[in-house]
Amino acid sequence: MTMPLDKERLRRDVAEVLGEDPDELADDENLIEYGLDSIRVLMLSTRWREQGHDIGFLDLADEPTIEAWARLASAP
């Protein structure tokens, strides 16, 4: 069974790859400003796809915010 990819899990995973405190990442904050680069986006995309979530690199790169990624994760 695939674990849900909710906002809090997204935030924890993003914070982990950025070396940031999850509480410091606002839902609407552009994650590029925190140092998120294409390699880290690819890492996250790969991790989530391996866990059964259909979220690709281009989807994530298009709008790099927790809020946008939560919408992608909840889409059918």
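Which side chain does Arg-11 meet in a salt bridge? Its partner is Glu-8, with N and O 3.4 Å apart. The model is a predicted one.

**Salt bridges**

Arg-11 and Glu-8 both sit in helix H1. They are three residues apart, about one turn of the helix. Their surroundings can be read from relative accessibility. Arg-11 has 9% and counts as buried, because the cut-off for buried is under 20%. Glu-8, at 43%, counts as partly exposed.

Helix H1 holds another such pair, Arg-9 and Asp-13. These two residues are four apart, so about one helical turn separates them. The closest N and O atoms of their salt bridge lie 4.0 Å apart. Arg-9 is buried, with a relative accessible area of 7%. Asp-13 is buried as well, at 10% relative accessibility.

A further salt bridge joins Glu-67 to Lys-7, at 2.6 Å from N to O. This pair links distant parts of the chain. Glu-67 counts as partly exposed, with 28% relative accessibility. Lys-7 also has 28% and counts as partly exposed.

| Salt bridge | N to O distance | Relative accessibility |
|---|---|---|
| Glu-67 and Lys-7 | 2.6 Å | Glu-67 28%, Lys-7 28% |
| Arg-11 and Glu-8 | 3.4 Å | Arg-11 9%, Glu-8 43% |
| Arg-9 and Asp-13 | 4.0 Å | Arg-9 7%, Asp-13 10% |

The count for the model comes to 10 salt bridges.

**Helices H1 and H2**

Two packed helices are described by the angle between their axes and the distance between the axes. Helix H1 covers residues 7–18, and helix H2 covers residues 38–50. Their axes come within 10 Å and cross at roughly 135°. H1 and H2 are therefore oblique to each other. Their crossing is right-handed.

Which residues of H1 meet H2? They are Arg-9, Leu-10, Asp-13, Val-14, Glu-16, Val-17 and Leu-18. On the H2 side, the contact is made by Arg-40, Met-43, Leu-44, Arg-47 and Trp-48. By class, this contact has seven nonpolar and five charged residues, with no polar ones.

Conventions
Residues are numbered from 1 along each chain as its sequence is written. This is a predicted model: local features need pLDDT of at least 70, side-chain atom pairs count only at pLDDT 80 or more; totals for chains, interfaces and linings use all residues. Side-chain values use heavy atoms; hydrogens and water are left out. Axes are lines fitted to C-alpha atoms, for helices over the stretch in contact, and angles run from 0 to 180 degrees between N-to-C directions. Angles under 35 degrees count as roughly parallel, over 145 as roughly antiparallel, 65 to 115 as roughly perpendicular and the rest as oblique. A crossing is left-handed if the near helix is turned anticlockwise from the far one by less than a right angle, and right-handed if clockwise. Contact means heavy atoms within 4.5 Å. Ala, Val, Leu, Ile, Met, Phe, Trp, Tyr, Cys and Pro count as nonpolar, Asp, Glu, Lys and Arg as charged, and the others, Gly among them, as polar. Buried means under 20% relative accessible area, exposed over 50%, partly exposed in between (1.4 Å probe, protein chains only).
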